[in-house]
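Hi there,

Here is the structure I promised to pass on. Have a look first, and my notes follow below.

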Amino acid sequence: MAITTSRRTPQAMPLLPLLSLLLPVPALAVDWLVQPSLRQRVSYTDNALRAPPGKAQSDYITEIAPAIALIGTGPRLRVDLDYSWHKSLSGQRGNSEDHDLRAAADAELVQDWFFIDANASVSRRNISPFGQQLIADLPDTDNASTVRTTGISPYLRHRFRGLATAELRYTRNSVDSGGDLLSVHSDELELLLGGEPRSQGWTWNASHDVRRTQDSKLAPVRMQRSSVGLRYPFGRKWAATASGGTEKESYMSSTGKAPEGRFWSLGGVWTPSPRTSLAFSTGKRFFGNTYSLDATLLQRHTNWQLSYSENITTLPTQFARLGDHDAGQLLDQLWRAILPNARDRRLRIAAFLRYANKLGPERGAINYFSHRYFLQKQLQLTMARATAKSAMVVGVTAVDRTAQTASGIDSALLPGMTFGSEDRMRQVGGNLGWSWQANSRSSVNVDAGYASVRSLSVPRRDNNITVTAGYTRILQPNMTASIDVRHVRHTSNRGGDYRENGVSATLTMQF
């Protein structure tokens, strides 16, 4: 059974050092749900080692996974934590264990003044985008490592009536894989100002951002950026936007262009209704012309989001992002009328996304280990549809990455890759997750994913397809059973093709 309390939290959780900073929030105003569980799974696979045709070896895998979910809901505190420990017994790979954590918290410590955000994650990730990829329920390959991320961001924010809203934020992020593979941390200080003079409709904003990034394999990199912006309305539906400023990065560029200079952008915003918005812009930065797009359409049962962005980034930065954030927000908006209780709504969203993530932590764009800086251009379309008995999320992602720093630093990190293969990478992926509640005790889940990874600097292309389907039955109020089938296919023009089929039976007990 679930344990509900307003004063105590579970002990020995990996996020406790971050959550401890939220203790000043009045506990009596928070509704806590603590839900321990135990999962036991038996799986069969016809290709445990992802071997090419003719060399496949079958295997039976037994897994036990105790877990705990923690949800805190209050007017000034929000906590979501989902942690599990997995112990697997495999004849082909031997015994293994790993941890999985997804946690986030935000709190208003001093009303209208002092706030704090925190997040943490532990997950298995692909080291290289090519070759054998991670598959849930199967033993890890040599192309996988555990990635731990933490982030904490205290900030001051206050609205000065008639003048502006000011925010001063400090952010500390870290990404670590253990050993010498990947260890990066950054410290960032950001000042944001914004105002709407005399409520005349037009708004202004200004910002100054300084960040220092320390990679264990590189010299410290400092980023500094200052900008001002303006938004001016033309009628009730249209507004024009403009921004400009200066920026400077201190990484050693291999493109021949210094990563610094002035930048500007011009754009517009179209808001035909409270449920529909479209923002677009074009401009110029030190790496060339830039474009952006952000569109949202909210219908009764369906929510659409379309975005396009261009920015300088690193792969550790991408690891630190919470992958389910966009899909979770879309489902939350759609289920508010059906599930008005915020805690029940968050539990249902978490259960759906947990099944969808059986395809692995990468959904569309495969992140991999690298110490390099990239120019990333990303187009993303997400659709979520939710009713009282079903939920569906569809995502399509296209990512183009062009390296801005030399490739030598990654030669030891990615020994199996051809030198220079990540100088220019293009990925196209899609994912579909669907869940249908047949009755009060039974549900059906289907998930399908496709990811194509292509190197434009050397002739290599890998394709990954995964399809899973499952049936879940509630046996008792605190006990569920499920059976799942899976098909995986990997192809590459460099060889190493493989296919895998699997079936698993799972029993989950909640306490």
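In which strand does S265 lie? S265 sits in strand 13, residues 260-273; helices (H or I, at least four residues) and strands (E, at least two) are DSSP runs, numbered from the N terminus.

Before the rest, two notes on how to read this. This is a predicted model, where local features need pLDDT of at least 70 and side-chain atom pairs count only at pLDDT 80 or more, while totals for chains, interfaces and linings use all residues. Residues are numbered from 1 along each chain as its sequence is written, and side-chain values use heavy atoms, with hydrogens and water left out.

Back to S265: its relative accessible area is 18%, so it counts as buried (under 20% relative accessible area; exposed is over 50% and partly exposed in between, with a 1.4 Å probe and protein chains only). Leaving out residues up to four places away in sequence, S265 touches T241, A242, S243, T282 and G283, where contact means heavy atoms within 4.5 Å. With S243, the side chain of S265 also makes a polar contact of 2.6 Å (a pair of N or O atoms within 3.5 Å; within protein, one must be able to donate a hydrogen and the other to accept it, and residues adjacent in sequence count only if both atoms are side-chain atoms).

F234 has W238 as its bridge partner in strand 12. Three residues separate the strands in this hairpin, and G235 takes a positive phi near 85° there. On its other pairing, strand 11 (residues 221-234) runs antiparallel to strand 10 (residues 203-215), joined by 11 bridges. That hairpin has five residues between its strands, and H208 is bridged to S226 in strand 11.

Elsewhere, Q92 lies in the loop between strand 4 (77-90) and strand 5 (94-110). Q92 is partly exposed, because its relative accessibility is 30%. Beyond its neighbours within four places in sequence, Q92 is in contact with A48, L49, Q57, S58 and D59. Q92 and D59 are 33 residues apart in sequence, with their C-alpha atoms 6.6 Å apart.

For the overall picture, the protein chain has four helices and 23 strands. Of its 511 residues, 44% count as buried.

Best wishes

Key:
Pairing = 2+ DSSP bridges.
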